[in-house]
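Open the model in your viewer and keep the selection tool at hand. We will go stop by stop.

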Amino acid sequence: MAGLFKARLLWIGLVVVILAATLPLYVSGYVLGLLTVAYYFGVFAMAWDLLFGFAGEVNFGPTFLIGVGAYTAGILDNQYGISVYLCIVAGAAAAVVAGLVLALPALRVRGPYFGLTTLVAVLMLQNFIVVFADLTGGEIGLTIPDVISIDAGTNYWIALGFMALSAVILYGLSQSPVGLILQASGQDPVQAGALGFNIVKHKLAAFVVSAFFSGLSGALLVFYFGTASVGTVVDVSVGVQVIVAAVLGGRRTVLGAALGAIFLIVAGEFLRPTGELATFIVSTVALLAIMFVPNGFLGAALSRVRS
Amino acid sequence: MLVLQILIDGFAISALYALGATGFTLIFGVSGVLNLSHGAIMVLAAVAAWAAGSVLHASTYVGALIGVATALVAAIVTYFLIVQPIQRSSKIPHEEKEIFVLTGTLLWGIMIQELIAYFFTNNAKTVLPIVEGVVSIAGVRTPSNEIFTAVVCCLVILLLWGLVNRTRTGKVVLAASMNPRGVTLLGYELTSVYVVVWSIYGVLAGIAGVLLGMFLGVSSYSVGPLTASAFSIVVLGGLGSVSGSLIAAFVVGYLETLTAYLVSPAYRTIPALLLLVAVMYVRPQGLLGRR
């Protein structure tokens with residue numbers, strides 16, 4: 001049954017993406033803008049899930065990778081006026097380098113220490129952005145002169161296409177032999193090592209892939225926003241949102257993480273009339289979800305199909 | 001003169017940091033829980049003390065007591081409502097309990113923070129100090145409140161040391177941090193040990209929160225930075241090592257004060273973070289941590 005479901009998942013996903021692609025024909029630009037952001041967040045959450053759900057490493061600093069990608073792309077565009085696409089590629093590359101610098105020493109430590117190191121990395125990045133305000137725009141944010149497109153529909157399609165492509169790659173990776181080894185080394189590193197797999201190498205690869213997609217998505221997001229600020233791409237609370245999205249959607253499902261992110265962003269928008277209580281309600285729902293449905297939406301659905 | 005000023009100011013800040021981080025590290029040492037709602041509980045205590053003073057017109061002593069009591073209740077509620085259900089849940093695999101407790105307490109902290117912001121706004125609140133006035137120490141004008149803060153912090157830490165090392169309850173707590181199963185075999189209920197630890201933590205975080213409210217003032221925005229600073233001090237000192245966090249608190253406190261006085265207040269947190277990164281690279285278990 002599980003195998004059948006997985007094969008069917010591809011078709012379900014394809015139908016959903018095609019349906020989603022027709023949205024610009026009949027919904028307002030406001031909804032499209034909301035979903036565009038949600039899709040980029042979906043990529044953040046999927047990239048995080050690859051690291052946590054499969055490699056078993058808790059990365060408390062997804063925004064370190066996102067922020068490095070976003071700010072590199074933004075600064076290159078702002079200071080040197082390089083073409084948008086080169087900036088985005090450079091942003092992704094910078095995120096990969098930053099991921100390597102962070103992961104090489106961090107992976108030597110286990111459990112909470114890894115999480116702590118990644119959290120400290122975010123705080124450092126945040127401080128540097130504020131200190132080097134001339135370059136980064138500081139607390140006010142960085143203005144980005146260029147955008148990919150001003151058309152809401154085009155931006156939406158780019159985001160949707162990017163998310164779908166990332167989902168295929170990340171999901172494919174998680175189901176491949178490499179994904180299995182990652183899962184094994186996450187759950188029992190000693191046994192996986194005893195089977196002859198190089199755990200550090202695999203985890204490092206997972207970190208690099210995660211960093212690449214986080215950075216790429218972060219760079220695309222700033223070119224959609226036209227601005228990069230600490231509050232939107234670096235702050236710890238953004239990272240928390242990414243983590244909550246992934247756990248809410250379902251760990252070890254990759255696709256669930258994207259669903260969780262879309263849910264969180266859309267729910268936050270629906271709760272806007274409640275004003276200051278919106279964050280409170282979202283946190284409460286997320287807390288109840290991780291306590292009572294720890295496997296997340298997709299995880300719970302999958303286990304129901306299996307039984 | 002400047003040297004003396006840095007020494008005095010640094011001491012008060014460090015003592016406050018030490019008090020805030022001690023409870024945090026105690027819980028980790030005994031039950032392996034990193035409580036990320038720490039900052040929220042500290043701010044809650046300060047805001048409760050502030051509200052008691054300015055809304056209910058209670059005296060400063062009563063206000064401070066209300067603040068500490070609020071933190072105590074919040075800590076126990078955190079344990080029974082968030083931490084224990086997650087630890088006992090059969091749906092969460094054992095090796096993932098840690099991340100669930102982290103995420104759970106983090107969300108819980110955000111909930112407390114948002115409620116504070118909703119009912120008492122985001123504005124900074126300064127609790128009326130218990131001791132007022134200024135004294136001169138060898139020519140340096142120092143607020144009495146600053147000295148009061150340092151003295152109370154040191155006294156409370158001493159008391160804690162006595163409690164852990166000299167009383168029967170303290171010894172059970174210490175034993176539980178070394179070998180939980182051994183303690184249960186001796187007939188102690190682990191849950192009650194944890195309740196004791198969380199109560200101690202609540203009182204410590206409450207006192208630290210109220211003192212912080214008197215010394216620097218708090219707002220719901222301080223929640224994140226407070227958790228982060230307790231976190232970095234505890235990591236620097238070594239997770240679970242109380243003496244390690246005391247040393248680390250003074251290192252961080254003085255580093256920040258030195259930077260604030262000699263370089264610029266804007267950069268005050270950076271050297272401590274750099275030191276933290278350096279320590280993580282060279283000695284990931286922290287100054288006095290065990291792995």
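Helices here are DSSP runs (H or I, at least four residues), numbered from the N terminus. Chain A as a whole has a mean pLDDT of 84, and 95% of its residues reach 70 or more.

This is a predicted model: local features need pLDDT of at least 70, side-chain atom pairs count only at pLDDT 80 or more, and totals for chains, interfaces and linings use all residues. Residues are numbered from 1 along each chain as its sequence is written, while chains are lettered from A and ligands numbered from 1 in the order in which they are written.

Next, select A:Val27. It sits in the loop between α1 (2–21) and α2 (29–54) of chain A. Is A:Val27 buried or partly exposed? A:Val27 counts as partly exposed because it has 14 C-beta neighbours inside 10 Å. (Buried takes 20 or more other C-beta atoms within 10 Å, exposed 12 or fewer, partly exposed in between; C-beta atoms are placed from the backbone.)

Now show both chains. 36 residues of chain B are in contact with 31 residues of chain A. Contact means C-beta atoms, placed from the backbone, within 7 Å. On the side of chain B that touches chain A, α4(B) gives the most, with 14 residues.

Key
Helix = DSSP H or I, 4+ residues; strand = E, 2+ residues; numbered from the N terminus. pLDDT = per-residue confidence, 0-100. Contact = placed C-beta atoms within 7 Å.
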